[in-house]
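Here are a few notes from a read through this structure, meant for someone opening it for the first time. Have the sequence and the 3D view ready and follow along point by point.

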Amino acid sequence: MSRKILLKHIDVPGIRGLKAYRENGGYQALEKALKSMKPDEVTEEVKKSGLRGRGGAGFPAGMKWSFIAKPEGVPRYLVCNADESEPGTFKDRYLMSHLPHALIEGMIVSSFALGANTSYIYIRGEMLYVYHILEEAIAEAYEAGLLGKNILGSGFSLDLYVHPGGGAYICGEETALIESLEGKRGNPRIKPPFPAVKGVWGCPTVVNNVETIASVPHIVNMGGDEYAKIGIGKSTGTKLISACGHINKPGVYEIELGLPAEEFLYSDNYCGGIRNGKKLKAVVAGGSSVPILPGELFLKTANGEPRLMSYESLADGGFASGTMLGSGGFIVMDEDTSIVKNLWNFTRFYHHESCGQCSPCREGTGWMEKLLHKFLDGHATIEDIDLLWDIQSKIEGKTICPLGDAAAWPVASAIRHFRSEFEEYVKNPHSIKDVKHYFRINNLVEQ
Amino acid sequence: MKKTAFINDKPYSFEPGDTILSFVRRYFERDFVPTLCDAPNLDPYGACRVCSVDVALVKDGPCKAQASCHTPVMENSYIYTDSERIKRLRKNIVELVLTDHPLDCLTCEVNNNCELQTVAARVGIRDVRYPEGKNHLDRKKDLSHPYMTSDFSKCINCARCVRACDEVQGEMVLNMAGRGFDAHIIKSFNNNFFDSDCVSCGACAQACPTSAISDVFESKSVSADKKVRTVCTYCGVGCNLEVAVTNGKVKSIQAPYDAAVNQGHTCLKGRFAFSFYNHPDRLRTPLIRKNGELVPATWDEAYNYIANELNRIKKEHGPDAIGGISSARCTNEENFLMQKFIRAVIGTNNIDSCARVCHSPTALGMQRTFGTGAATNSIIDLKYTDCVMVIGANPTDAHPVTGAKIKQFFMKGKPSIVIDPRRTELARYATYHLQLRPGTNVALLNMMLYYIVMDGLEDQKFIESRTEGYEDFKKHILNLDINELEKVTGVDKSLVRKAAHAYATSPNAMSFHGLGVTEHSQGTYTVMLIADLAMITGNIGRRGVGVNPLRGQNNVQGAADMGCQPHQGAGYLDSYDPEINKMYSAFYGVDVPMRKGLKIPEMYDASLAGKMKAMWLMGEDNAQTDPNTQHVVSAFKQLDLLVVQDIFLSETAKLAHVVLPASSFLEKSGTFTNGERRIQRVNAVVEPLEGTKPDGQIMCEIMKHMGFNQPDYHPGVVLDEISRVVPFFAGVKWDELGENGKQWPVKPDGTDTEILHTESFKLGKGRFQTATWRETEELKSNSEQFPYILTTNRELEHYNNGTMTRRTGNVEILTEDVLLINPADAQKHNIADGDMVCISSARGKIDVKAKLTDEVKSGVVSSTFHFPDIHMNDLTSSVADSEAMCPEYKVVAVSIRKSKGVYKK
């Protein structure tokens with residue numbers, strides 16, 4: 001199960017440039033789609049492929065495309081969500097910085113399928129160097145007639161813009177992203193209307209993750225049915241996982257969905273096991289917002305089945321004993337890690353990134369952080385654990401956008417699976433003072 | 001088949017587009033589901049989450065908490081508004097909000113009228129479980145502004161103020177800055193209310209659920225003894241106001257959300273500029289001129305003096321030596337009595353009103369084309385239209401509430417056209433701004449008509465079935481020299497063509513016009529061409545179309561309706577027609593004259609010629625407002641008797657022989673008719689200031705003094721009299737007008753009319769009228785010596801000649817008249833921003849401060865006449881509309897230079 005699709009040519013020298021990319025099969029999908037397919041046929045292939053959104057929610061991409069409204073005379077837009085900011089997730093950055101043309105080709109083919117003549121890549125502002133890489137690649141593509149008017153003589157025209165964000169995590173939420181793209185404050189919009197009906201500039205819009213879009217050319221090349229054969233069940237294709245934490249080999253791995261979790265964690269082809277010979281304590285399998293799982297529950301489901309790296313298997317058991325594949329931000333914690341301290345750090349992030357529109361999230365994330373700080377200071381009481389639980393339950397599902405959920409889930413799952421550790425902080429505040437390990441978000445970098 | 005959903009297990013039907021909240025409110029009281037970020041005039045925002053309810057898709061199915069304000073109702077869903085879970089959720093949310101709110105309710109301005117307080121009480125907060133933490137309670141108050149205040153320590157981040165600023169006023173001054181816990185409201189570039197671009201409309205203060213944004217009058221505090229609903233006295237929009245009274249004095253004003261005209265919005269004049277009403281300058285006793293001085297007198301002395309003088313003059317010179325000018329500031333009843341006094345008691349048709357100097361060309365032009373001189377549609381039609389054309393009007397300054405609605409339309413990116421020599425606020429948002437040379441409206445509209453005819457965009461069906469005279473009209477249009485017109489107007493013909501196409505091809509297009517159309521030598525012709533445009537494109541007689549004059553003063557429509565013009569009596573019936581004269585004579589019980597009466601400018605000429613001996617002005621300040629001031633003042637000085645009824649000793653009152661102290665709109669009852677023909681009840685809020693009397697009472701008393709059998713003044717009685725003589729008031733009853741009034745024509749059974757000319761025109765068929773552009777006499781004779789064109793305009797903060805607004809806090813916001821001048825012109829004359837400039841015209845010269853702006857094109861300067869010290873109308877000419885005699889305020893030939901000597905600043 002070590003099939004590589006997206007990263008197949010990652011090691012080819014000069015693959016960042018158009019020439020090497022083309023020599024290795026790049027832009028074949030573009031030619032195929034524009035010259036021999038109708039837009040709806042491309043959508044149909046994507047539907048058949050079973051490709052699911054790689055940004056975190058895992059919604060079938062083809063179905064999302066088919067929702068786009070097509071009123072007469074109204075332009076449609078494709079927006080690539082490259083605002084990758086989830087702590088622990090750095091796969092899009094890796095893909096874009098090494099294979100910019102993979103994204104650009106995907107954008108062109110997807111725009112063709114959707115009938116968009118203007119498309120945007122909304123990139124996280126902090127990734128300025130990637131922005132420059134994309135700009136350079138786009139210039140190459142224009143130069144080669146792959147972008148602009150009448151691409152390859154097909155009659156299809158596309159202008160592609162890269163728009164850097166201003167440094168807000170909330171702008172990774174698709175409607176806040178659209179607001180930000182329009183030059184407004186990045187607050188989420190209330191839905192309905194959904195972007196497929198009213199998105200950018202009030203026009204029908206599809207927002208897709210970088211990895212999702214970069215997968216499209218491969219689907220076009222091999223055909224949807226063929227792509228659907230990769231992976232397992234409804235988790236088709238390959239997925240980029242950015243692995244980090246207390247492992248021997250942090251980095252970005254492309255895995256075929258369905259890879260056994262144990263193999264991913266311990267095989268030398270992937271993470272290579274826990275570093276320094278320590279024991280596994282917990283795993284956050286899909287970016288900081290997904291529920292944390294104790295090591296044993298990560299490796300085996302509550303029913304004792306071996307856990308697989310797939311949408312379904314990781315979610316097995318619901319939130320009681322499962323988690324989510326999410327964005328593929330894979331964070332591993334060894335036995336020395338303080339779950340409370342780590343949670344405080346995650347919560348501090350969500351507190352900082354809440355846009356402030358919904359009162360439960362605006363105030364609640366702040367209070368969760370403050371309460372967690374109380375634990376670390378040794379002033380917490382047992383009631384504070386319940387209060388913490390209470391706050392997260394009033395945020396989850398009670399806000400306009402999923403940032404509230406993202407802030408609530410780590411808290412809920414930490415208390416669910418590691419309540420005793422919280423209690424320990426209350427009972428013996430002095431004994432845990434020495435615990436130093438927690439994940440500094442800034443350290444979660446590509447290695 | 002109506003769709004059904006269940007509220008607390010009982011089935012109710014819902015309408016398409018209902019959110020859960022609007023659905024619940026359809027059947028239960030407004031606060032059945034508590035809310036914090038929801039407001040009656042704002043779009044759903046979904047921020048506070050207090051309105052969450054439980055929703056199950058099937059009976060006894062799993063429930064999910066949904067924010068009711070923005071979640072659409074699902075058919076057959078089960079909505080639980082008060083489940084234990086939801087109660088806990090609401091309580092916890094409010095508890096969280098309270099952790100960053102000062103709990104100083106007892107000393108808070110909005111104690112007992114605070115939505116946060118109400119919601120907290122409702123959800124039953126008894127305790128805040130969170131320890132004291134970082135908060136924003138130390139935020140400083142903003143007391144920089146004469147009206148607006150803020151104390152953001154009380155802010156709960158509901159963004160109602162931000163949305164009110166965006167969605168209601170469209171000013172976008174307020175915004176959210178910072179993220180999450182740091183999220184906070186800022187003004188413009190994070191400055192204060194005074195330095196920001198705030199237009200002081202107060203929409204944010206009214207929207208704020210706490211006292212985070214309020215005003216100096218503490219309009220949200222509960223300390224009022226009573227609240228009275230009345231109608232604003234400023235512009236022709238006719239906003240309803242809710243006036244709070246404490247100890248017999250006006251405390252504050254808010255805008256009722258259920259007002260049909262203004263839906264909870266109003267401007268800084270309506271909301272805040274009321275302190276003139278008990279200003280020390282108010283007249284409190286009649287004054288009679290003795291030995292050249294105005295000295296206090298009793299009412300009886302004043303009435304006797306007037307009656308004797310009028311009787312003497314009538315005897316010596318005949319009734320036609322007496323004239324009256326009525327006021328659009330006064331009620332319908334008072335205007336009716338004024339014209340009745342002049343016609344029935346004095347016995348002359350020398351009655352006119354200030355409609356002469358503003359919308360008389362509208363009345364005449366629309367009567368000639370449609371038959372009715374009033375707005376064909378209603379303001380609410382802005383919701384239904386696809387294209388808006390604004391001609392010679394600056395509604396964001398002069399009709400702020402309607403202006404804000406038009407601006408909202410413009411900002412939505414639908415086709416919009418502004419025809420104006422100035423780059424007004426709306427022009428900046430318009431799809432097409434046709435910035436023509438002042439005085440070339442007729443030429444420009446002819447260009448639009450030309451392209452509509454040339455490009456075959458006429459609505460043939462409408463033209464055939466509803467109009468007449470089209471063939472001749474078409475011939476005339478096709479003979480136009482388009483290149484010549486392009487040269488004359490200075491507007492690129494291809495731009496005009498695009499605008500014409502936008503207007504003609506939109507499914508529904510509506511036009512608004514103001515004094516920039518009427519106050520010209522070709523004002524009536526311009527109005528007729530606007531009507532032609534509507535007819536040729538079929539934009540008449542349904543929702544979202546029409547010709548809609550933006551009436552200047554609060555009751556200018558009413559003053560004309562009541563017959564305050566020489567040629568038409570009450571209800572626009574021809575006062576020179578023998579049959580109608582008989583009817584009027586029978587109605588008033590005395591013979592009324594059929595002799596031609598004089599219009600305002602003719603009265604001045606008659607006075608200077610020694611033929612006019614006495615004039616009675618009701619609430620008019622012609623010495624400041626009418627053009628060519630020196631001419632007007634000389635005319636008044638020639639009179640044997642000048643009676644002025646006013647609330648202040650105006651520039652005109654200073655010239656009077658008798659001054660009668662009148663009551664302001666806050667002290668009297670009656671009806672105003674707004675620009676969309678809506679007759680609304682004005683209700684006395686406070687007792688008349690001691691020593692003053694409502695104008696209607698003064699009229700009744702003088703009529704009795706002069707021996708006429710007029711019952712004591714009561715607006716209801718007079719309105720009843722009006723309804724018996726004015727055909728379109730037939731069904732108007734004092735007690736049946738309700739809070740939102742009725743739009744005339746009101747049928748005898750009381751049904752009113754939102755849209756005119758739906759089936760046919762008053763004339764039967766609409767008549768196409770042609771007009772050929774002519775250069776105004778003013779420019780023809782003077783432009784050689786005076787090469788610049790001065791056009792007069794208005795500023796938001798002040799109203800007309802400023803007698804009222806200058807006696808309020810508005811004067812702190814806008815302190816003086818300025819001359820708008822293009823930087824290129826300024827440079828030519830070595831004028832810098834803030835320099836005093838001397839402007840001269842053929843009539844006189846004045847000094848005014850320069851403001852450099854690209855709002856005006858090179859060659860054009862613009863200014864206001866809000867401040868009497870400037871004497872702007874010393875410059876304006878006696879040239880008037882050839883048909884309706886409306887003065888040409890908008891085109892004055894002037895020269896400019898930097899001021900010398902003492903004026904140098």
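1. Start with F272(B): its relative accessible area is 0%, so it is buried. Keep in mind while looking that this is a predicted model. Over all chains, there are 43 aromatic pairs, and one of them joins Y147(B) to F272(B) in a stacked arrangement, with 4.8 Å from centre to centre and 20° between the planes. Y147(B) comes from the loop between strand 6 (141-142) and strand 7 (148-151) of chain B, while F272(B) belongs to helix 6 (residues 268-272) of chain B, so this pair ties together parts 125 residues apart in sequence. Y147(B) is buried too, at a relative accessible area of 2%.

2. Now turn to Y604(B) and F636(B). Their ring centres are 5.6 Å apart and their planes stand at 90°, so this pair counts as edge-to-face. It links distant parts of the chain, 32 residues apart: Y604(B) sits in helix 22 (residues 600-608) of chain B and F636(B) in helix 24 (residues 629-638) of chain B. Buried or exposed, then, for Y604(B)? Buried, with 4% relative accessibility; F636(B) is buried as well, at 1%.

3. Which residues make up an aromatic cluster in chain B? Look for Y12(B), F14(B), F23(B), Y27(B), F28(B) and F32(B), which form one cluster.

4. Rings also meet charges here. In chain A, the charged end of R52(A) sits over the ring of Y311(A), 4.1 Å from the ring's centre. In chain B, R807(B) lies over the face of F648(B), with 4.0 Å to the ring centre.

5. For finding your way around chain B, the domain assignment is handy. It gives domain 1 (3-98), domain 2 (131-278), domain 3 (287-317 + 326-357 + 562-593 + 612-743), domain 4 (360-549) and domain 5 (777-898). Taken over C-alpha atoms, the centres of domain 1 and domain 3 of chain B are 55 Å apart.

6. Over in chain A, have a look at helix 9 (residues 210-222), which is mostly covered, with 10 of its 13 residues buried. Among the buried ones are V210(A), I213(A), V216(A), P217(A) and V220(A), and E211(A) is on that list too. At the start of this helix, a side-chain oxygen of N209(A) comes to within 2.8 Å of the backbone nitrogen of E211(A). Just after the helix, G223(A) takes a positive phi of about 90°.

Definitions and conventions: Residues are numbered from 1 along each chain as its sequence is written. Chains are lettered from A and ligands numbered from 1 in the order in which they are written. This is a predicted model: local features need pLDDT of at least 70, side-chain atom pairs count only at pLDDT 80 or more; totals for chains, interfaces and linings use all residues. Side-chain values use heavy atoms; hydrogens and water are left out. Rings of Phe, Tyr and Trp (its six-membered ring) pair if their centres lie within 6.5 Å; planes under 30 degrees apart count as stacked, over 60 as edge-to-face and the rest as tilted. Helices (H or I, at least four residues) and strands (E, at least two) are DSSP runs, numbered from the N terminus. Buried means under 20% relative accessible area, exposed over 50%, partly exposed in between (1.4 Å probe, protein chains only). A charge sits over a ring if NZ of Lys or CZ of Arg is within 6 Å of the ring centre and within 35 degrees of the ring normal. Domain bounds come from an automatic or database domain assignment. A polar contact is a pair of N or O atoms within 3.5 Å; within protein, one must be able to donate a hydrogen and the other to accept it, and residues adjacent in sequence count only if both atoms are side-chain atoms.
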